[in-house]
Amino acid sequence: MTQNRQFHNRQSAGDALSIAFELVATPAVFGFFGWLIDGALGTTPIFTLVLCLLTASYTSWKAMRAYNERMEAYDRNLPSRRAESQPESADG
């Protein structure tokens, strides 16, 4: 395996780990803040659930949008796509 490929694999693994951490940690943090609000107000876990679900929905949407953008960029850079976008020569 070439060094360039190893670097790409490590970078991809790091990206996946950061997305996974963000999908889990961010809703947990906001859920904790909701739990604190519920405790201070004496309410049922409404703030915990709402903050956790809203944050989970947003982070999921953000991860999917970033994935789709990366796939579109990858698709645009495929050799077959580049050849299609090249204008034909006037010689031809």
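This is a predicted model: local features need pLDDT of at least 70, side-chain atom pairs count only at pLDDT 80 or more; totals for chains, interfaces and linings use all residues.

Reader: Is Glu-22 buried, partly exposed or exposed?
Author: Residues are numbered from 1 along each chain as its sequence is written, and side-chain values use heavy atoms, leaving out hydrogens and water. Buried means under 20% relative accessible area and exposed over 50%, with partly exposed in between (1.4 Å probe, protein chains only). Glu-22 has 29% relative accessibility, so Glu-22 counts as partly exposed.

Reader: Which side chain meets Glu-22 in a salt bridge?
Author: A salt bridge is a side-chain nitrogen of Lys or Arg within 4 Å of a carboxyl oxygen of Asp or Glu. Here the N to O distance is 2.7 Å, and the partner of Glu-22 is Lys-62.

Reader: Why does that pair tie together separate parts of the sequence?
Author: Helices are DSSP runs (H or I, at least four residues), numbered from the N terminus. Because Glu-22 lies in helix α1 and Lys-62 in helix α2, the pair ties together parts whose separation in sequence is 40 residues.

Reader: Which residue does Arg-70 meet in a salt bridge?
Author: Arg-70 is itself partly exposed, at 46% relative accessible area. Its side chain joins a partner at 3.3 Å, N to O, and that partner is Asp-15.

Reader: How many salt bridges are there?
Author: Another pair is Arg-65 with Glu-69, at 3.8 Å; both lie in helix α2, about one turn apart. By this rule, the count of salt bridges is three.

Conventions
Helices (H or I, at least four residues) and strands (E, at least two) are DSSP runs, numbered from the N terminus.
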